[in-house]
Amino acid sequence: MSAQDHEPMILSIEPPSPKRLSFDRVGAGRDGGPPEVSSLGDAVYKFDSYHMAHASQVEAIDNLTAFIAEVCGAKSAYPLVNGTTSGNLGMVLASLRPGQKLIVPRNAHKSVLSGIVLSGAAPVFVQPEISTDLNLVFTIKPDQIREAMDENPDASAVLLTNPTYQGFCLDLAAAEQIVHQRAKLLLIDEAHGPHFRYHPDLPLSAMKAGADMAVQSIHKILGALAQSSVLLVGTDRIDADMLRMAMGLIQPSAPSRLFTASLEAALRQVEADCPDMLTRIIDMVEEARGRINQIPGVRAIGKEITSQSQSVVDVDLTKLVIDVAGLNITGYKAARLLHDDYGVSAEMAGASTVTLVVTVGNTREDLDRCVAGTEQLARRLRGARGQPSPLLHMLGLATPPMGRQVLVPRDAFFAKKARVPVPESAGKISGESVVPYPPGIPVLVPGEEITPEIVEYLIGVRRTGIEIHGCEDRSIGTLKVVDEREFLHSVGSGWG
Ligand SMILES: Cc1ncc(COP(=O)(O)O)c(C=O)c1O
């Protein structure tokens with residue numbers, strides 16, 4: 001079967017014409033609509049409507065859904081117009097009831113914690129491996145999954161992030177064995193790996209590995225518009241009715257035609273042009289990696305990293321992760337200089353690295369500019385004495401052990417909160433997440449006890465001026481804690 005064998009989907013819907021008047025909800029792009037539209041060009045707005053009877057619209061989306069499942073190798077699928085965030089919410093909400101345990105890496109994307117809040121699940125966190133060499137987080141080892149499952153035989157599911165933002169992959173085949181031997185659910189946040197399935201030199205994909213569900217950002221690497229993702233169901237272990245109800249709670253009732261059409265277009269391209277399209281990207285990134293590795297002071301990470309890590313067994317060859325520690329600057333500074341002075345914008349920066357995501361839209365000339373920019377930056381900085389980085393120093397501070405989970409995150413979310421100075425917060429229950437970057441692993445999540453070690457660590461973090469995410473006071477002078485007098489009830493382990 002190919003795209004041609006499917007009944008009309010989204011792209012083939014007829015545009016409006018003088019013969020057919022549109023009385024639908026979309027006001028932009030019509031006479032009397034917002035005037036800025038004309039400066040943007042009105043084609044996009046004209047497209048943003050299905051121009052058809054509701055029943056036909058439902059049919060077109062059903063056809064798209066079947067097409068997604070087929071191309072992505074899933075039993076069934078959901079097109080998503082609110083990003084992988086909505087897929088993670090749906091995946092967790094459909095798999096766990098209040099109080100049920102979910103084994104999850106401590107550095108899972110915040111949408112996974114949001115799903116945990118929505119469902120009332122109790123997270124069991126596994127600490128990922130940290131690379132002190134690259135100053136970033138690798139992933140988790142199968143043994144850690146086994147251990148967490150053996151210690152929590154009542155856990156219902158395991159949710160893993162694979163690959164990481166930088167394209168580092170865990171041993172998914174081993175994880176699948178461990179989880180399914182114990183008859184539990186394996187859920188994968190595959191936001192950064194929508195292309196894995198379509199090339200033999202790329203890491204194992206969630207659907208091929210036998211995962212029960214996975215969510216992919218088709219807008220990362222492949223060609224869909226931002227926010228266009230898919231949720232894939234790989235096995236019959238998933239309660240289809242529960243998933244349908246969960247998705248009904250979090251999906252819009254009228255998904256954007258722009259987003260659904262872009263999903264269709266991107267997956268048609270995959271179907272028509274893979275693996276060649278990916279071979280072209282892998283080849284040009286490999287060549288760029290080789291050239292960057294000739295430049296003194298920088299290093300582009302490739303497959304060799306698997307021998308320097310206990311958790312990474314494969315890497316996504318389409319990613320360009322450049323270690324700039326040898327230039328005595330942070331990855332943040334390097335990314336800013338590359339952007340400001342050499343016209344190269346990276347996807348993200350870390351303490352020591354810059355990550356470039358190379359997509360179907362990039363050309364060899366783009367990579368030439370990136371290599372040239374890196375070369376010029378390195379030449380300019382070589383020999384210069386960099387300032388000692390507070391970020392690198394920060395990793396020297398031993399991360400404190402996690403605090404005891406007193407409340408499940410949902411109960412902490414709904415509890416009344418008070419704000420207290422950090423030094424006075426020991427013994428209280430956190431009402432918010434606190435995530436220092438680096439390493440990007442939460443020190444606190446809502447519902448956890450704030451220990452004296454955590455207080456000491458946060459005071460140290462404040463002194464370094466390190467970036468903090470998740471909490472309201474990002475200077476980390478105060479913390480939001482659960483107001484014990486106002487607390488109503490708990491389905492978790494309760495006050496102890
Ligand atoms: C691992 C991971 N999961 C989920 C998301 C959320 O994706 P989206 O922006 O499509 O909602 C991200 C975003 O970057 C991510 O890195």
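Biologist: Which residues does Val 435 touch, not counting residues up to four places away in sequence?

Modeller: Val 435 touches Gly 440, Ile 441, Pro 442, Glu 467, Ile 468 and His 469, where contact means heavy atoms within 4.5 Å. Please keep in mind that this is a predicted model: local features need pLDDT of at least 70, side-chain atom pairs count only at pLDDT 80 or more, and totals for chains, interfaces and linings use all residues. Residues are numbered from 1 along each chain as its sequence is written, and side-chain values use heavy atoms, leaving out hydrogens and water.

Biologist: Why does Val 435 count as buried?

Modeller: Buried means under 20% relative accessible area, exposed over 50%, and partly exposed in between (1.4 Å probe, protein chains only). Val 435 has 11% relative accessibility, so it counts as buried. This residue lies in strand 17 (residues 435-437); strands (E, at least two residues) and helices (H or I, at least four) are DSSP runs, numbered from the N terminus.

Biologist: Why is Ser 309 called buried, and what makes a polar contact with its side chain?

Modeller: Its relative accessible area is 10%, which is under the 20% limit, so Ser 309 is buried. The side chain of Glu 129 makes the polar contact, at 2.8 Å. A polar contact is a pair of N or O atoms within 3.5 Å; within protein, one must be able to donate a hydrogen and the other to accept it, and residues adjacent in sequence count only if both atoms are side-chain atoms. Ser 309 sits in the loop between strand 11 (299-300) and strand 12 (314-315), and touches Glu 129 and Phe 138, leaving aside residues up to four places away in sequence.

Biologist: Why is His 199 counted as buried?

Modeller: At 8% relative accessibility, His 199 falls under the 20% limit, so the word applies. His 199 lies in the loop between strand 8 and helix 8 (206-209).

Biologist: Why is helix 5 described as largely enclosed?

Modeller: In helix 5 (residues 110-119), 7 of the 10 residues are buried, so the rest of the structure largely encloses it. Those buried residues pack against helix 4, strand 2 (101-105), strand 3 (122-126), strand 6 (155-161), strand 8 (185-189) and helix 15 (409-414). After helix 5 comes Gly 120, whose phi is positive, near 80°.

Biologist: Which residues are closest to the ligand?

Modeller: Thr 84, Thr 85, Asp 189, His 192 and His 219 are the closest of the 13 residues that surround the ligand, near meaning that a heavy atom lies within 4 Å. A side-chain N or O atom of Asp 189 is 2.6 Å from a ligand nitrogen. For His 192, a side-chain N or O atom is 2.6 Å from a ligand oxygen. A polar side-chain atom of His 219 lies 3.0 Å from an oxygen of the ligand.

Biologist: Which helix gives the largest share of the shell around the ligand?

Modeller: Helix 4 (residues 83-95) does, with 4 residues.
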